[in-house]
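Trainee: Before I use these labels, I want to see each one tested against its rule. Can we go through them in turn?

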Amino acid sequence: MDLERFKVHGEPLIYGAMISIALATIGIIIGLTYFKKWGYLWREWLTTVDHKRIGVMYILAALLMLFRGGIDAMMMRLQTAAPELKFLDAQHYNEVFTTHGLIMILFMAMPFIIGLMNVIIPLQIGARDVAFPRLNAVSFWLFFFGAMLLNISFVIGGSPDAGWSAYFPLASLEFSPTVGNNYYSLALQISGIGTLITGVNFIVTILKMRAPGMTLMKMPMFTWSVLITNIIIVFAFPVLTVALALMMFDRLFGSQFFTMANGGMDMLWANLFWVWGHPEVYIVILPAFGIYSEIIATFSKKNLYGYTSMVFSMLIISVLSFLVWAHHFYTMGQGAMVNSFFSITTMAIAVPTGVKIFNWLFTLRKGRITFTTPMLYTLAFIPIFTIGGVTGVMLAMASADYQYHNTMFLVAHFHYVLIPGAVFAVIAGFHYWFPKVFGFRLNDRLGRHAFWWIAISFNVTFFPLFFLGLMGMTRRTYTYSAETGYGPLNMLSFAGAVGLSIGFLILVYNIYWSTRYMPKDTNGDPWDGRTLEWATNSPIPAYNFAIVPKVETRDAFWSAKQDNIPLYEGNITKIHMPSNTGKPFILGVIFFVFGFSLVFSLWIPAILSGIGILIVLATMSFDRDHGFYIPAEEVIATEKKLRGETV
Amino acid sequence: MNKKGPLFAFFLSLVLLLPGCSSIAVLNPKGPAARTLSDTIVLSILVMLGVLAVVYILYIFVLVKYRAKKSNEGYIPEHEEGNKWLEAIWIIIPIIIVAFLSVVTVKTTNEVENVAEEYKDQKPLVIYASSSNWKWHFSYPEEGIETVNYVNMPVHRAVEFRMYSFGTITSLWIPQLAGQKYAMSDMLTTLHLSADTEGSYIGKNANFSGKGFAHMEFEALVLSNEQYDEWVKEVKDTAEPLTEDTFKDLLAIEHIGRKTFSSTHLTFSPPPMDHSEMDRDQDHDQMDMDNGNMEHQDNKEIHPSPEPSAETEFDGEPNPELDQPLPSSPVEEHTSHNSK
């Protein structure tokens, strides 16, 4: 076996990363052994099928990835801060921007959103769990080990370096002979399967498990956005699965789907990638719209304005999101006709998006607006995202795009869409739902500090990039000469990036501080909420609701509080729960081994772990564990303990 | 609390500074194609500023008026379902804006995809532009000459670039003369441009193509007609012809300075099929999809891809040449540095 392939050479930064990863791993192992937490970890977390715990694990992993991707971002901004800096070489820079994109979209934004929906959706619809709790655990562990597979690429064998869109023939074996793009195809494939399973799981959950009385048009807006998102997932992810499989065949088995010779078509990859990739943008944006809708309604003390048009605008966006993919390569020479078609469909998305913006503004109107931390992120989203939206319309104009394509203008645009659209949303949702999960709020003063750092620094970082793009600076350029005149604006952008890091560090400090010092919330409803998740206790008991709530209006909990409409009727009875299982975790581990073996073409371990996967799947299929019941007495006792009252 | 007002004023002033700033290449066009695009961009910026203004004014208004204060303590807002007239307004007005911009887009896209109006009656000067590794080859079939990493063209003349690649997808972009377009290995793309002003303009590859991407720039020099003819004549008299072997060597090199030859590679290594011809054939229904693909393959056989130079691609060592000055800066002609 050729051990050379595993090594990554010559970079002090990478040696540093190797050492810190090794030390952290040893530290965790020693810590777990010393505090005798291995059993706790296995029983309570690794084998759990509880949607809340799975959600928390998703969010933890996503936060970790936010910092990994953030460090990548800082390295890029530092490298380009001044002309001809020598902080990173071209190869390292290429790996950094490739993994920055992959991690932020696929291993940060999406898992964060899936984490929030795991925690909140069953609660919002008054359900005890998701439709397929064990499958949910499978989803998480596939995502987690897919993410880990991509992350070790930095220190073992080298990361993908052909951009997150991995255009062929650049990503082919011929032009990218390192194992980096093998990691790409396998890590994305493994976590992508997990996401697809999540899509099926949540569609069924939302359609079949809503509380009695909750018709589709009485669902909370976050639930609606998640339903539509998961429908997009189920339609879009199979395309990614196929594209990645073809990519793997090209790179590992010498097939020639995307090569330059023997009839391979490089633009076929671009088409397949963006047929998935464009809807993917809406997979991370639509739930954000849902989160903002909840927060705006809660903190302006009003119901959502134009509920029906909000729902329809999301449905229209979901359809249009599949009809615009070619706007990612207007410059392919497909002619004025095709470009015009895709221009119009792309610009059309601005209409339903505008509807949502105006509906939010009118929700605020005549409200009583309180500026809590989650609300600040939500309010900052509106003006910043609108800049992202209008520049999106500018980019959608095919002719003008010939001048923006592949430039920093584009980079500025999609950060103006994705950071307020997805990152602000998950941070807002995190602050908003944190007390529901943990029973105490995050400190508001620290929250505001972090917010202002993040919101202002964001603009300082990304607004200059619009100008750099118009000046002719292309994206993914690791260095430039002083004569180009790109230096000062890049330096400004770097200064902004430093500010953003400070903001995120304050955010982390806030989590630490609040965990230690914030008092417990006495009831389960710290924000005076409107939807069902606030109707249960905090922290949430394993069974969510002792009695399944009955819904009559849209903001069911609000109505219950305002008009004294009873939510719970009947007596507490025994509750059926699924039992924990270690198989999803084991399946994830074997998938990791399988992926790693394929990356390095180690055929024997690959075949063995492939068989292992089939065996685990088979034993899961023939599992006869039907779960267990929590006796009514135990439920009553838990409720008493949580509320300190007699039920 | 409302600190977004000054932030907005800051953006507005930045955006208003745009047209006045001459260092912004895209808005400082030197030819009809780039001018069409520049006008389109400025128009869209103005329309979008209007949209931003509406949203921002509404936003500031509601935040100032309806924030929680002592005076409205205990106020519980009424239930408000929506208003179909208001919602209709913010559906219809955006549709009108989008329709207007669609018309502009279709019109301008057609304009820049074709020869500019004022040059319609000229026979365009055809230049084949192909990329390999991190350099550009420019072939002038009419003149029978070829240059590497620089392109000269006459002023006030319709120029038609035909682009393709010997490797990864690249994108030819001369921001002050025209928008960019991809160069791919399996088809020919066309870019129409012309220059009104003599001068030297920066051209580059805009599509990420690997390690040497950042240095893949070239000079586009626009000369007077006499100077251009003189240059062509001089090249024919003094430069070496391009042989197949020389060309193969050239393809394998990663970075190189300027080069000039008195013949083109088009004769022994013809470009892939013209995309527009392919469409035309399909329109006439004389060729089904399979035949179309076979045409592609035929082209591939006589159009081999360069071997990536094994040494620099496989080992993790940084390429020492990359730290050298940019090869596109005016290096003296006929000198090359091989990266090996």
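What follows is a set of questions on terms, each settled by value and cut-off.

Mentor: This is a predicted model, in which local features need pLDDT of at least 70, side-chain atom pairs count only at pLDDT 80 or more, and totals for chains, interfaces and linings use all residues. Residues are numbered from 1 along each chain as its sequence is written, chains are lettered from A and ligands numbered from 1 in the order written, and side-chain values use heavy atoms, without hydrogens and water.

Trainee: Why is A:F112 called buried?

Mentor: Buried means under 20% relative accessible area, exposed over 50%, and partly exposed in between (1.4 Å probe, protein chains only). A:F112 has 2% relative accessibility, so A:F112 counts as buried. A:F430 has 11%, so A:F430 is buried as well.

Trainee: What makes A:F112 and A:F430 an aromatic pair, and of which kind?

Mentor: Rings of Phe, Tyr and Trp (its six-membered ring) pair if their centres lie within 6.5 Å; planes under 30 degrees apart are stacked, over 60 edge-to-face, the rest tilted. The centres of A:F112 and A:F430 are 6.2 Å apart, and the planes make 90°. That pair is therefore edge-to-face.

Trainee: Why is this pair said to tie parts together?

Mentor: A:F112 lies in helix α4 of chain A and A:F430 in helix α14 (residues 408-438), so the pair joins parts that are 318 residues apart in sequence. Helices (H or I, at least four residues) and strands (E, at least two) are DSSP runs, numbered from the N terminus.

Trainee: What kind of pair do B:F208 and B:F213 form?

Mentor: Their centres are 5.6 Å apart and their planes 80°. By the ring rule the pair is therefore edge-to-face. B:F208 is buried at 5%, and B:F213 is buried at 3%.

Trainee: How many aromatic pairs does this rule give over all chains?

Mentor: The count is 84. Ring pairs also link residues into a cluster, including A:Y377, A:Y416, A:W452 and A:F467.

Trainee: What makes a set of residues a nonpolar core?

Mentor: The members are buried Ala, Val, Leu, Ile, Met, Phe, Trp, Tyr and Cys residues, joined through side-chain atoms within 4.5 Å. The largest core here has 296 residues, and A:W269, A:W360, B:F138 and B:F161 touch the most other members. Helix α4 (residues 90-124) of chain A gives the most to this core, with 22 residues. A second, separate core has 14 residues, among them B:V148, B:F166, B:F261 and B:L266.

Trainee: Which residues is A:W360 in contact with?

Mentor: Contact means heavy atoms within 4.5 Å. Leaving aside neighbours within four places in sequence, the partners of A:W360 include A:F289, A:Y292, A:M310 and A:F381.

Trainee: And what about A:T198, buried or exposed?

Mentor: A:T198 has a relative accessible area of 0%, so A:T198 is buried. A:T198 is found in helix α6 (residues 180-208) of chain A. Leaving aside neighbours within four places, A:T198 is in contact with A:Y58, A:I114, A:M117, A:S139 and A:N230.

Trainee: What makes a charge sit over a ring?

Mentor: NZ of Lys or CZ of Arg must be within 6 Å of the ring centre and within 35 degrees of the ring normal. The charged end of A:R53 sits over the ring of A:W45, 4.8 Å from its centre. A:K574 lies over the face of A:Y629, at 4.4 Å from the ring centre.

Trainee: Which peptide bonds are called cis?

Mentor: One joins A:F168 and A:P169, with omega about 0°. A:P169 is in the loop between α5 (133-152) and α6 of chain A. Another runs from A:S538 to A:P539, with omega near -15°.

Trainee: What is the phi of A:A166?

Mentor: Phi is positive, about 45°, although A:A166 is not a glycine. A:A166 lies in the loop between α5 and α6 of chain A. At 0% relative accessibility, A:A166 counts as buried. B:N149 also has a positive phi, about 65°, and is not a glycine. B:N149 is found in the loop between β3 (145-148) and β4 (150-154) of chain B. B:N149 is buried too, at 3%.
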